[in-house]
Amino acid sequence: MMQISLFRQFRWISLILITVLLIVFILRLPATAEIPKNYKELEFPSLSSISLPDYERYELKNGMVVYLIEDHQLPLIKGNALIKVGSRIEPREKIGLAEITGSMMRLGGTTQHPASELNELLEQRAAKVEVSINTHSGNAAFNSLSKDIEIVFDLFSQVLKEPAFDSQQLVLTKTQLQGQIARRNDNPGDIANRELYKLVYGQDSPYARTIEHTMLNNIDLDDVISFHKQYIRPENLILGIVGDFDSKVMKQLIKNGFEDWESSTIKPEITIPQANQIKKNELFFIDQPHLNQSNVLLGHLGGKLDSPDYPALSVINGLLNGFGGRLFNNLRSDQGLAYTVYGYWNAAYDYPGVFLAGGQTSSETTTQFIESLIAEIELLRNQPINNDELAYAKESILNSFVFKFENPSQTLSRLLTYEYYGYPENFIFKYQEGIKKTTVEDIQRVAQQYLKTEDIVTLVVGSKENIYSSLSKLKKNIHNININTSPQMDN
């Protein structure tokens, strides 16, 4: 009853809001304007053009790259440094080393300020300094009030250059990761995502491998110190700062904090691991007896963002997803098969991403859900879309561009990312033009070229007792994955 009541309230609130918006729209019409008879006749002004704000890029003599954007709307300054590092370059027998190093750089304090003192100095100023290392990059960031920037920026530079690594902090960090390992099978959606990437990339790929207890045992304090010395170095940093500052003053702070920083080790050669698809056209199952629904994921190797066909593939994402998308309309609304359903061409900057499609469905409809999902992909490959669908998908993407430029911080983040991966600064505008130029013919061409149903790997997480027998209709051998021990598969 409570749910019905809330729904009714939401419905009435929605109707009131729509009515108010229509009244405002009508009141703003010129006196001579004809009042639209329905929503399809509403006309709105075109979106204003989008441009980059003024920024400055320069390099320090030690190779560190700096971007500055002044923004005086609020008395705040934000900084972010991308670091050319990542867990994808750590040794296979020491998976977790990069993540541990990033955590300890911040949590252990600096050689000048123990952790408790560093925390107090930042808390007194409502400031923040954070460091992390993920699969593709390291990230160090700070937030500060304008009046405190001198102190906060000095602490930020110390965290990068002079972190205090100690054995007690290492034990604590490893214990936290062990807790994450113990809980990683709690969520069936997380299980499906993790294991599908292993099936596509291979479980030893740096884009799919996971931290295990044995690997944590291989990591000691010397490993952390050595990893920091090797990879956290000025020529590996791209620093961006945006906010309420004078560029001349900020340049002096950057010079004081970083210009004399030199690494004590030889710069390592960083080779970006590439990716290939390992499993193809196979069906895998993970038994979770307590579930009364299944999590289904289909996938195969995707591509990179710099592909000339990426704009058209983005339009395909728009066609498939959302409240007006084919998957929602056909699998959820018409057939009632899914609680959630989606299909995305996921691209990465410097290695192939993964095309993913899937969702949640009841145990009894799992096989039908898989068949319908593949049927929608095949339909997109074999039958041209109509012009209305194309226009809707393109407009949805193009209209969202305004939200990518809401504040200078978003622009700065994009500039840093493009520099990091070697993309042109106007990449997003080329992408925008590509969306505008996408045609019906482009959609069918890229769908046939890139959505390869013959390569799809299918993974089901659910109750074996309720689902297993019906999966035989798919006419594929079922491979069972055991997630309760070290990663392995059996027939």
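The side chains of Ser146 and Asp244 are joined by a polar contact of 3.1 Å, and that pair makes a handy way into this predicted model.

**Around Ser146**

- Ser146 sits in the loop that runs between strand 5 (138–145) and helix 4 (149–161).
- With a relative accessible area of 17%, Ser146 falls under the 20% limit and so counts as buried.
- Setting aside residues up to four places away in sequence, Ser146 touches Pro75, Leu76, Ile77 and Asp244.
- Lys78 is 68 residues from Ser146 along the chain, yet their C-alpha atoms are separated by 9.4 Å.

**Strand 3 and its two partners**

- Strand 3 covers residues 76–83 and is mostly tucked away, with six of its eight residues buried.
- One partner of strand 3 is strand 5, paired in the antiparallel sense over eight bridges.
- Strand 3 also pairs with strand 6 (residues 237–243), again antiparallel, this time over seven bridges.
- Lys78 shows both pairings: its bridge partner in strand 5 is Asn143, while in strand 6 it is Val242.
- As a reminder for reading this part of the model, side chains in a regular strand alternate between the two faces of the sheet.

**Helix 9**

- Helix 9 (residues 247–258) has 12 residues and reaches 16 Å from its first C-alpha to its last, close to the 16 Å expected at 1.5 Å a residue.
- Its buried residues are Ser247, Met250, Leu253, Ile254, Gly257 and Phe258.
- At the start of helix 9, a side-chain oxygen of Asp246 comes to within 3.0 Å of the backbone nitrogen of Lys248.

**The nonpolar cores**

- Nonpolar side chains tend to be buried together in soluble globular proteins.
- Here the largest nonpolar core has 61 residues, and those with the most contacts inside it are Ile316, Phe369, Leu373, Leu380, Ile443, Leu451 and Leu471.
- Helix 10 (residues 310–320) supplies the largest share of this core, seven residues.
- Another core, of 53 residues, lies apart from the largest one and has Met104, Met215, Leu239 and Ile241 among its members.
- Leu471, back in the largest core, is in contact with Leu283, Phe285, Thr366, Thr367, Ile370 and Ile478, leaving aside neighbours within four places in sequence.

**Strand 12 and strand 7**

- Strand 12 (residues 478–482) is largely enclosed by the rest of the structure, because four of its five residues are buried.
- Strand 7 (residues 283–287) pairs with strand 12 in the parallel sense over three bridges.
- Within that pairing, Phe285 has Asn480 of strand 12 as its bridge partner.

**Helix 5**

- Helix 5 (residues 167–183) has 17 residues and reaches 25 Å between its first and last C-alpha, close to the 24 Å expected at 1.5 Å a residue.
- Its buried residues are Gln169, Leu170, Thr173, Lys174, Leu177, Gly179 and Ile181.
- Among the elements covering those buried residues are helix 2 (97–107), helix 7 (213–217) and helix 8 (221–231).
- Asp166 caps the N-terminal end of helix 5, with a side-chain oxygen 3.1 Å from the backbone nitrogen of Gln168.

**Loop residues to check**

- Ser363 is in the loop between strand 10 (354–362) and helix 12 (366–382), and at 1% relative accessibility it counts as buried.
- The Ser363 side chain reaches the backbone oxygen of Asn292 at 3.1 Å.
- Beyond its neighbours within four places in sequence, Ser363 is in contact with Leu291, Asn292, Gln293, Ser294, Asn466 and Ile467.
- Ala126, in the loop between helix 3 (115–123) and strand 4 (128–133), has a positive phi near 50° without being a glycine.
- At 64% relative accessibility, Ala126 counts as exposed.
- Asn281 is not a glycine either, yet its phi is positive at about 50°.
- Asn281 is found in the loop between helix 9 and strand 7, and at 41% relative accessibility it counts as partly exposed.

Notes
Residues are numbered from 1 along each chain as its sequence is written. This is a predicted model: local features need pLDDT of at least 70, side-chain atom pairs count only at pLDDT 80 or more; totals for chains, interfaces and linings use all residues. Side-chain values use heavy atoms; hydrogens and water are left out. Helices (H or I, at least four residues) and strands (E, at least two) are DSSP runs, numbered from the N terminus. Buried means under 20% relative accessible area, exposed over 50%, partly exposed in between (1.4 Å probe, protein chains only). A polar contact is a pair of N or O atoms within 3.5 Å; within protein, one must be able to donate a hydrogen and the other to accept it, and residues adjacent in sequence count only if both atoms are side-chain atoms. Contact means heavy atoms within 4.5 Å. Two strands pair if DSSP finds at least two bridges between them. A nonpolar core is a set of buried Ala, Val, Leu, Ile, Met, Phe, Trp, Tyr and Cys residues joined through side-chain atoms within 4.5 Å. The expected span of a helix is 1.5 Å times one less than its number of residues.
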